[in-house]
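Below are my notes on the model you sent.

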There are 4 protein chains.
Amino acid sequence: MRLYTSCDLAFEIPTPTPFVLMLRPRSGMQQWITREEYRLVPSVPVFEFTDNYGNLCQRLVAPPGIFTVYTSAEVMTADDVDQAPGAPFVAVQDLPDAELSYLLPSRYCESDRFGQMATEITADQLVGYDQVAAIVAWLRANILFAPGSSNVPVSAVEVNIKQSGVCRDFAHLGIALCRSLTIPARMVVGYLYELEPMDLHAWFEAYVGGRWYTFDATQAELKGGYVVLGYGRDAADVAVYNQFGPAVNATAQTVCVQRLTEE
Amino acid sequence: MRLYTSCDLAFEIPTPTPFVLMLRPRSGMQQWITREEYRLVPSVPVFEFTDNYGNLCQRLVAPPGIFTVYTSAEVMTADDVDQAPGAPFVAVQDLPDAELSYLLPSRYCESDRFGQMATEITADQLVGYDQVAAIVAWLRANILFAPGSSNVPVSAVEVNIKQSGVCRDFAHLGIALCRSLTIPARMVVGYLYELEPMDLHAWFEAYVGGRWYTFDATQAELKGGYVVLGYGRDAADVAVYNQFGPAVNATAQTVCVQRLTEE
Amino acid sequence: MRLYTSCDLAFEIPTPTPFVLMLRPRSGMQQWITREEYRLVPSVPVFEFTDNYGNLCQRLVAPPGIFTVYTSAEVMTADDVDQAPGAPFVAVQDLPDAELSYLLPSRYCESDRFGQMATEITADQLVGYDQVAAIVAWLRANILFAPGSSNVPVSAVEVNIKQSGVCRDFAHLGIALCRSLTIPARMVVGYLYELEPMDLHAWFEAYVGGRWYTFDATQAELKGGYVVLGYGRDAADVAVYNQFGPAVNATAQTVCVQRLTEE
Amino acid sequence: MRLYTSCDLAFEIPTPTPFVLMLRPRSGMQQWITREEYRLVPSVPVFEFTDNYGNLCQRLVAPPGIFTVYTSAEVMTADDVDQAPGAPFVAVQDLPDAELSYLLPSRYCESDRFGQMATEITADQLVGYDQVAAIVAWLRANILFAPGSSNVPVSAVEVNIKQSGVCRDFAHLGIALCRSLTIPARMVVGYLYELEPMDLHAWFEAYVGGRWYTFDATQAELKGGYVVLGYGRDAADVAVYNQFGPAVNATAQTVCVQRLTEE
């Protein structure tokens, strides 16, 4: 399907503040960007680099006053999300080098603490895709989805105690459980068409059957309409904006995803 | 200044043909992309990757029939090009690792054959920026600029024999001469505002005084208005399109650069 | 000084077990490897790759039975560790791209939780090197160094509660405090001449004054004799061995560091 | 088989001279380094980096006087070289991103000039491995192997005119012919057991059937005993030493390869 996405951020900046933004979607297998806009008001010098995970990141120093970031894109993305029940577990020795780092514990995914729990949740499952599907089912059954309930990222251990969370929390716990079974898993941030309530979104991918598959425990059914902004080990790697120095939160954040007619 | 750039390509494809395109400008120190469009007709799956030189490249297979690529961008770019007469030569041992490969000879820049000639052209110059400036002056005085005279890239040795060439040829010979003096030099392709006649353009950069500087022997004066599409060792690395299999040339190529009013 | 280092590991492997090892020191500014040995008994196929942090990692599958890894090296390393009281803080916008990831929280360094504490510890210090030195002094005064007391990595938050730890714990807490002040900090594992008791060692580096400096809160005085095996965000990135599947701990680990006469 | 390799180089240095060396073999699928030595006399600071092709390169400045480099290694390498007659051609769209650059023409492999010739040489062959085998057979039948006849690299076009050459020349022409058929091909330098006369060696690899295969037109039969020092597009990328500034040739170069008893 063809989607229009936009994310506008506004900040009230007291003193020159360095930012790293991750708001430029990349074209890849699963999405193709046909039009894109990225404007800063006021205009400031920006330097863009590619991080360790292949994301395009924008560095800049926001000047004092109101600082606004307008981004939008037109994106071709899949109508359906690939699913592959039965897709096998990939032994560590057969994983591509680049995916090995997605086996390690990370800031918000303490996979070293979830071995027992993941084994119980996935008992009787075929190793691979079906284990991840069982984890997603467990998350849906046991963690309360409470969008908007949290601003500060908390870790999988904390989510598991609270038994409720936002999309990011679902992803963190799902990732931690996968990795504890030696299944590479990574965080994805971006947009989802018809997300309720509309906002930026987070989900995760797991590497089984020789490729990455999309999983999203916040949705009853996996449907198409995902647009990726960034990949990483967890929320620490894929903040849509990282701001350094005295905390400056966005005074406004407007997210929009609309379906466009096919060209 | 604020520029609108576009490049449209049309091909008549006889049989499914793999392409690698390099038509997405990156935001960096010297340019900031505020709007971009990249459309393929008919639409086909595309995969984008970053090459060894940091360029965004698009891989696709063009289907039989008319295949058209439309790209455009709105870009903030410098009003003036930095110049630094007197900027010193950087000793090899002080170069960043990443720039070392720009010292080596490459397909169209046989720098291993130009040591004597480069030494003569730059005699009496301070080592560094002034050597490169002397090379540019020599190119302007000795090579006839004949835009449109060549379709197939030829090498610096061949250009030096012909004593005439297109912008790409000027860049190749300039690069070969710089590298033979142990000055890193690289090819740039992109757009130039008010280029006559309007077309895609090629120029080169040399690393002196601790950074890359722009040089363009096809222009009487260095003015602002450059927009970069890609960097590489020479034209082999920075083809705007590389097509594999039976040769398929563009049946149409339309390039446009216009100045926009400041926002 | 010229050092001989060795690390021998023995495992009792019940079932074929994938490993990723990080036991090959790299030559760099601070150390030069003149001789190296890396033997596996029994011999098995190994594949070596470079991870995101530039470390050489060895992938293999250990066969059932006794599996032994013998590594040794002869290394030229600095007699003294560079120190730079007064070296200034580097503003985020001036950091090299590659160092930005060392500002983010990671598995064992929850820097997002230490802002207040780091500010108090470093009150009245010049920003930069002196802040890090104050953090090291605080660690020495407040955390009990208890080598051998822990096998499983714990995080900076946990170390701060326990108020005691091994070298790895000191590094984690030091790193978390630095990052919370927007000073890039990274974990280092390797060898230290005359370490008591002799073992593999962990310390940290902080990026101030335009380069990385060594810090080690486990030592009363910074002396030379460090040999680096790997860099990373924290212990999750720089495990000397990562083993996947059912837990298999080393049945023996012998570490040796000796001074050699200069050649 | 288990091999001992060594390469000693001596230079008479008139004035401080920057070098980039490529004399440290990497452990990979096809070889495992169990012991290695790398000594410089006199000892100087060295910095090691990984180039675009994954090779470990050593940067240093040689001081005036006699400068000697001693390197040796003990290497496990295959007894036989994999061969795969019939292995299919890989379509460009199915190549890994990293291999695409091995399709492009390079300094000494002007593949853009060999399309017709390569088509004739490989007429009637299955596309893929058999085409490369036909190229090797053609090289053996038509180019005179004259070891020691050349010091300065010449290009595939020049080799094809001379109809004779050293191992490097055979590799360059073989690579150029492969690439003109859209088969990725790369240069390899290293050692070969029982090479006559003993020296450093160069050969090439072609990517068919989903992996790289070894080809060596200087040898009547492909046997095991290859040890790789570096990979690249051609000799410009894989010089065992690159020296900058006034030319300084090695006054002595001693190469040795011996078979060791299995451990």
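**Notes on the predicted model**

1. The contact between chain D and chain B takes 23 residues from chain D and 23 residues from chain B; two residues count as in contact if their C-beta atoms, placed from the backbone, lie within 7 Å. On the side of chain D that touches chain B, the elements giving two or more residues are β2 (17-21) and β5 (56-62) of chain D. Strands (E, at least two residues) and helices (H or I, at least four residues) are DSSP runs, numbered from the N terminus. By class, this side of chain D has 11 nonpolar, six polar and six charged residues. Here Ala, Val, Leu, Ile, Met, Phe, Trp, Tyr, Cys and Pro count as nonpolar, Asp, Glu, Lys and Arg as charged, and the others, Gly among them, as polar.

2. This is a predicted model, in which local features need pLDDT of at least 70 and side-chain atom pairs count only at pLDDT 80 or more, while totals for chains, interfaces and linings use all residues. Residues are numbered from 1 along each chain as its sequence is written, and chains are lettered from A and ligands numbered from 1 in the order in which they are written. The model scores ipTM 0.92 and pTM 0.92. For chain A the mean pLDDT is 94, and 100% of its residues reach 70 or more; pLDDT is the predictor's confidence in each residue, from 0 to 100.

3. How is chain D superposed on chain B? A rotation of 180 degrees with 0.0 Å of shift along its axis does so, with an RMSD of 0.0 Å. The two copies are thus related as by a two-fold rotation axis. The same surface serves both copies, as 100% of the contact residues of chain D recur in chain B. Of the residues of chain D, R107(D) comes closest to the rotation axis, its C-alpha lying at 1.8 Å. Copies are superposed by least squares on the C-alpha atoms of residues with pLDDT of at least 70 in both.

4. Chain A and chain C also form a contact, with 23 residues from chain A and 23 residues from chain C. On the chain A side, β2 (17-21) and β5 (56-62) of chain A each supply at least two residues. The residues of the side of chain A that touches chain C divide into 11 nonpolar, six polar and six charged.

5. Which pairs of chains do not touch? No contact joins chain B and chain C, whose closest C-alpha atoms lie 12 Å apart. Chain A and chain D do not touch either, and their nearest C-alpha atoms are 12 Å apart.

6. Within chain A, the assignment gives domain 1 (2-78 + 240-260) and domain 2 (92-229); such bounds come from an automatic or database domain assignment. The centres of the two domains, taken over C-alpha atoms, are separated by 24 Å. Their contact takes 16 residues from domain 1 of chain A and 12 residues from domain 2 of chain A. On the domain 1 side, β1 (2-13), β6 (65-77) and β14 (250-260) of chain A each supply at least two residues. β14(A) gives the most to that side, with four residues. By class, the domain 1 side has 11 nonpolar, four polar and one charged residues.

7. Helix α2 (residues 129-142) and helix α4 (residues 167-180) of chain A pack at an angle of about 140 degrees, with their axes 10 Å apart. Axes are lines fitted to C-alpha atoms, for helices over the stretch in contact, and angles run from 0 to 180 degrees between N-to-C directions. From α2(A), V132(A), I135(A), V136(A) and L139(A) meet F170(A), L173(A), G174(A), L177(A) and C178(A) in α4(A). The residues of this helix contact divide into eight nonpolar, one polar and no charged.
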